[in-house]
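Please consider the following points while examining the model.

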Amino acid sequence: MTGLRFLWSAVLLLNTWRDVRKKEIFPKITVGAGILAAVFRLREEPVPALLPSFLPGAAFLGAAFLSRGKVGAGDGLVLCAGGICLGLPEILAVSSLGLLLGIPAGIISRRRGGEGEFPFLPCLAAAYIIERIWWN
């Protein structure tokens, strides 16, 4: 599992950098990392055990679809890859903490006259760092 955490950390940091600079992610790298993680996880676990790991990412992808792009689909892709790499309990903790960090950050950004799009991945990266330090 350590190798998969490293893989997701690299994908998360790379996409965070891109999200801050261009408000987009590297979808091919993210999907590729998710597929690679799935190959490794499927050697140890059956498919039905992995499916719940997609729930946080699927929720974000659903929100992106329902909001017609106001919520970024890239965030959902990164969370799907993270779910495969980390497993459901850890990705739920990271995504929940990311939302708790992102809501006040978004409000502050809007009050300061920030643009409509708010990069969520920096909040997710901060949440992952906090989760790794305090809960593990």
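1. The model contains 4 salt bridges, a salt bridge being a side-chain nitrogen of Lys or Arg within 4 Å of a carboxyl oxygen of Asp or Glu. Side chains of opposite charge can pair when their charged atoms come close. This is a predicted model: local features need pLDDT of at least 70, side-chain atom pairs count only at pLDDT 80 or more, and totals for chains, interfaces and linings use all residues. Residues are numbered from 1 along each chain as its sequence is written, and side-chain values use heavy atoms, with hydrogens and water left out.

2. One of the salt bridges joins Glu90 to Arg5 (2.8 Å, N to O). Glu90 belongs to helix H6 (residues 88–111) and Arg5 to helix H1, 85 residues apart; helices are DSSP runs of H or I, at least four residues, numbered from the N terminus.

3. Glu90 also forms a salt bridge with Arg132, with the closest N and O atoms 3.2 Å apart. Arg132 lies in helix H7 (residues 121–134), so this pair ties together parts 42 residues apart in sequence. Through shared partners, Arg5, Glu90 and Arg132 form one network.

4. Is Glu90 buried or exposed? Glu90 is buried at 8% relative accessibility, whereas Arg132 is partly exposed at 28%. Buried means under 20% relative accessible area, exposed over 50%, and partly exposed in between (1.4 Å probe, protein chains only).

5. Another salt bridge links Glu45 and Arg41 (2.9 Å, N to O). Glu45 is partly exposed at 25%, while Arg41 is buried at 6%.

Technical notes
Helix = DSSP H or I, 4+ residues; strand = E, 2+ residues; numbered from the N terminus.
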